[in-house]
Structures are given as C-alpha cells and as structure tokens.
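Here is a short tour for anyone opening this structure for the first time. Have the picture at hand and follow along, one part after another.

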Amino acid sequence: ENGGALLWRISKDGVADSYLFGTVHMTDARVTKLPKQVKNAIEGSKVVVLEVADTSPTAVASALANAPSLMMFNDGRRLDHLVSPELFSKVQVQLEAARLPSGFARMFKPWVVSMVMAVSECERKRIEGGEPVLDMRIAEIARAKSIPVVGLETVQSQLEAAASVPMEEQVAMLRLSLRFADRADDRRETSLQLYLGRQLGALLPLQKILAKRYGIKDTEFAGFKKQMVDQRNRKMRTHALPLLAKGNVFIGVGALHLIGEDGLVALLRNAGYILEPVE
C-alpha cells in the first residue's frame, strides 16, 4: 500500500499544501540529482523537515560517545558466542574494512555490525570526501535558500530504536548480511533500482526472500519492523502534525517509512489530511 510514489502532496482545507518525500540514505548521483518537482517543493517550502536535522560525522560521533551501552555488550554476552566462528571471522574482516577496531569485535552488538556493513567501501569514501547522502543534499538545497531545517528525531533516538530490536532478530539479520557479504554491492544496487523504479513495496519482501534461503523466518523481521519502522512512524507523525498545521512544509524521510497501513502516508490520512502521489 502506498508503495508506488516517492513524492506526495499533503493537503487540507484552509492550510497551504505540504509535501512528503521518501529518501534513500545514499550519495549515489542517481538519487542526489533530484527531479524538478521535488526540488521545487523543497525551495517553495517554509520549513524542511528531515528524520534528523544534523547527521554530520561530528553529531553522530557525539551521539555514539554518549551511548556506549547501546552499541556494546556490558552484561557478559559476546558476539563471538552468538554467531559461528566462520561468521565471526567475517565480522572482523568487515570491521577492519571499515577501519574500526576488530579487536573489539566480540563486544559490538549485532545491529552495529549490520549498520557498518550497510555502507559500501565506495560509499564510505564518497562520504569521507564530502559528498552528501540524499537527506543532506535536501538540507543543502534548503539552507541555500535560507529555509530552516528541523528534525523529527535525534541521532540518539535512532540508536535507541536500533538497539531495542530483540537480540535474536539482531543476530538473524547480521547472519543474513554476513552470508551475502560477497554480494553486498548487488543487494544495494537491487534495492536502489527498486527505489528508482518506485517499487518501494518490494524492499522488505526482497530481504525476507534472501533470508529464507538461509533458514531465517519471516517472523525474525517482526521486531525490526516494529521498532525501526512502525513505532518510529507513529512518533514522526506526532512530531510532524504541529508543523503541517501551519502548512507549506517539506518532509523527507526514509522511503520505508511511507509504505503500508502503518506508514506515514496512511497515518497522515488518518489524521485528516489528503495525500496524493505526485512523482
């Protein structure tokens, strides 16, 4: 449901139109070169709203430094006890490739390694070279027009959501990432093609199909969807409504947050707004 468009017009009697846009957190020029309709919607807004207003390396590093218990085990558990020796050796390789201390690999929680693996070496180099991911490109366009940029969440709240996924599901998703580590670029490209083709509803089913090949059940994605998508959607909706009531807002959030009966498109409709696909 609502998986066939990236840009949605939000309207309501007596309020200026606003827009909702689904992003993908990549620097790829195929996504950062925005369609004219999207750029016009950004430049014509009074305020731009993103998941997080500041995702600079400094802001992220500060949030991580303030939340070590979200990232690392401190209760006697160890990652090398949760996955096989074969997979743990892959964890160490992946951390070394990301220039993280592999000597601490056993202490990292599974979600951290999965997050590290979600960023390719090429992507990492582009980010280090100053190329913005799509969300930050949107912020650049807004700030160039002196349009304020605010966030629906904080980096801290995003880390808390990731850490709250049940441990068995964190392990299952890490196992999936490690099993497909040698085809990580293929997975990213396939997901990107689905995004560019406006087939957003296929993004999560794709991961479930790949997981099934390694004996990981659909139910092991339930906590991820609940904590990382559904619950965050409701919080985003709550924080967005006072801004939308003033009109002329551009909201950009990860595309997975738009779709389905618990997605932002449906939630904002339930709050009394008309949402129509634009692009």
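This is a predicted model: local features need pLDDT of at least 70, side-chain atom pairs count only at pLDDT 80 or more; totals for chains, interfaces and linings use all residues.

## Helices against the sheet

As background, strands of a sheet pair through backbone hydrogen bonds, either parallel or antiparallel. Both kinds turn up here, as the next two stops show.

## Strand 3 and its parallel partners

Strand 3 (residues 47–50) pairs with strand 5 (residues 249–254) in the parallel sense, over 4 bridges.

Which way do the side chains of strand 3 point? Val47 and Val49 go one way, Val48 and Leu50 go the other way, and all are buried.

## The antiparallel side

Now for strand 1 (7–12). Strand 1 and strand 2 (residues 15–23) pair in the antiparallel sense over 5 bridges, and leucine 7 has phenylalanine 21 in strand 2 as its bridge partner. The two strands form a hairpin with 2 residues between them, and glycine 14 in the turn has a positive phi of about 85°.

Strand 1 is also joined to strand 6 (residues 274–277) by 4 bridges, and these two strands run antiparallel. Look for arginine 9, whose bridge partner in strand 6 is glutamate 276.

In soluble globular proteins, nonpolar side chains tend to be buried together. In this model, the largest nonpolar core has 58 residues, and those with the most contacts inside it are Leu20, Phe21, Tyr195 and Phe250. Helix 8 (residues 134–144) gives this core its largest share, 6 residues.

What does leucine 20 touch, leaving aside its neighbours within four places in sequence? Its contacts include Leu6, Leu7, Trp8 and Ile10, along with Ile251, Val253, Leu258 and Leu275. There is also a second, separate core of 32 residues, with Val52, Phe108, Ala163 and Val229 among them.

## Where two helices cross

Two packed helices are described by the angle between their axes and the distance between the axes. For helix 5 (residues 85–97) and helix 10 (residues 167–179), the axes come within 10 Å and cross at roughly 75°. That makes helix 5 roughly perpendicular to helix 10. On the helix 5 side, Glu86, Leu87, Lys90, Val91 and Gln94 meet Leu174, Arg175, Leu178 and Arg179 in helix 10. Sorted by class, this contact has 4 nonpolar, 1 polar and 4 charged residues.

Is leucine 87 buried or exposed? Leucine 87 is buried, with a relative accessible area of 3%. Not counting residues up to four places away in sequence, leucine 87 touches Arg175, Leu178 and Arg179. For a sense of scale, the C-alpha atoms of leucine 87 and valine 265 are separated by 39 Å, and these residues are 178 apart along the chain.

Asparagine 2 has a positive phi of about 60° although it is not a glycine. You'll find asparagine 2 in the segment before strand 1, and it counts as buried because its relative accessibility is 13%, with the cut-off for buried being under 20%.

Arginine 198 is not a glycine either, yet has a positive phi of about 55°. Arginine 198 lies in the loop between helix 11 (184–196) and helix 12 (203–212).

Conventions
Residues are numbered from 1 along each chain as its sequence is written. Side-chain values use heavy atoms; hydrogens and water are left out. Axes are lines fitted to C-alpha atoms, for helices over the stretch in contact, and angles run from 0 to 180 degrees between N-to-C directions. Angles under 35 degrees count as roughly parallel, over 145 as roughly antiparallel, 65 to 115 as roughly perpendicular and the rest as oblique. Contact means heavy atoms within 4.5 Å. Ala, Val, Leu, Ile, Met, Phe, Trp, Tyr, Cys and Pro count as nonpolar, Asp, Glu, Lys and Arg as charged, and the others, Gly among them, as polar. A nonpolar core is a set of buried Ala, Val, Leu, Ile, Met, Phe, Trp, Tyr and Cys residues joined through side-chain atoms within 4.5 Å. Buried means under 20% relative accessible area, exposed over 50%, partly exposed in between (1.4 Å probe, protein chains only). Two strands pair if DSSP finds at least two bridges between them.
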